[in-house]
Amino acid sequence: MSEPIRVRGSVVVPDAELVWRFSRSSGPGGQHVNTSDSKVELRYDVAASKALPEVWRTRALERLANRLVDGRVLVVQASEFRSQWRNREAAAARLAAVLGEACAPPPKARRATRPSRGTVERRLNNKRHRSELKQGRRSPRGE
């Protein structure tokens, strides 16, 4: 790959830490598909990576626990294109997206707030109005 895989900010995964595997894609494709290895499998050992800061590595290992093989290797596959080169680009982009999301800082905790008095009054007035409308549609009880 010519482009390095950028995780977040200035953090880049070097090519030395990536393992590429190629195989034949499944599905229809004619004579060409029987001879070309266009399916791409990209493996990245998150636990042994020197590129990720320690905090990010632990965060990624924790968040990606159900996706990791043997609890340490992240595997991404791409086979949607007919050319191996485009599948390589797709796998690299997918790996960058997964790692970027896994290494992101946790969202800010939500502070509980109360609705304003005006909002509460408007809501209750709307409910009262709806109730009156529906009651006006009812038929009288005696008939």
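I began with R94, which forms a salt bridge with E80, the closest N and O atoms being 2.7 Å apart. A salt bridge here is a side-chain nitrogen of Lys or Arg within 4 Å of a carboxyl oxygen of Asp or Glu. The pair links distant parts of the chain, 14 residues apart: R94 is in helix α2, and E80 is in the loop between β6 and α2. Helices (H or I, at least four residues) and strands (E, at least two) are DSSP runs, numbered from the N terminus. R94 is partly exposed at 32% relative accessibility, and E80 is partly exposed at 47%. Buried means under 20% relative accessible area, exposed over 50%, and partly exposed in between (1.4 Å probe, protein chains only).

A note on the source. This is a predicted model, where local features need pLDDT of at least 70 and side-chain atom pairs count only at pLDDT 80 or more, while totals for chains, interfaces and linings use all residues. Residues are numbered from 1 along each chain as its sequence is written, and side-chain values use heavy atoms, with hydrogens and water left out.

**Other salt bridges**

I found five salt bridges in the structure. R21 and E41 meet in one, at 3.2 Å from N to O. R21 lies in strand β3 and E41 in strand β4, so this pair ties together parts 20 residues apart in sequence. R21 is partly exposed, with a relative accessible area of 48%, whereas E41 is buried at 12%. R21, E41 and R43 are linked in a network of salt bridges.

I then looked up R72 and D45, whose side chains also meet in a salt bridge (3.2 Å, N to O). This pair links distant parts of the chain, 27 residues apart, with R72 in the loop between β5 (68-69) and β6, and D45 in strand β4. Both ends are partly exposed: R72 has a relative accessible area of 34%, and D45 has 23%.

**Nonpolar core**

I turned to the largest nonpolar core, which has 27 residues. Such a core is a set of buried Ala, Val, Leu, Ile, Met, Phe, Trp, Tyr and Cys residues joined through side-chain atoms within 4.5 Å. L74 and L95 have the most contacts inside this core. The elements giving two or more residues are β3 (18-23), β4 (39-45), α1 (54-63), β6 (73-78) and α2 (84-103). The largest share, nine residues, comes from α2.

Which residues does L95 contact, leaving aside its neighbours within four places in sequence? They are I5, L18, L42, Y44, L74 and V76. Contact means heavy atoms within 4.5 Å.

**Helix α2**

I checked the span of α2. Its 20 residues reach 28 Å from first C-alpha to last, close to the 28 Å expected at 1.5 Å a residue. The expected span is 1.5 Å times one less than the number of residues. Its buried residues include N87, R88, L95, V98, L99 and C103. The buried residues of α2 pack against β1 (5-6), β2 (12-13), β3, β4, α1 and β6.

The charged end of R88 sits over the ring of W20, 5.0 Å from its centre. That needs NZ of Lys or CZ of Arg within 6 Å of the ring centre and within 35 degrees of the ring normal.

Last, I looked at V69, found in strand β5. V69 is partly exposed at 33% relative accessibility. The C-alpha atoms of V69 and R43 are separated by 9.6 Å, and the two residues are 26 apart along the chain.
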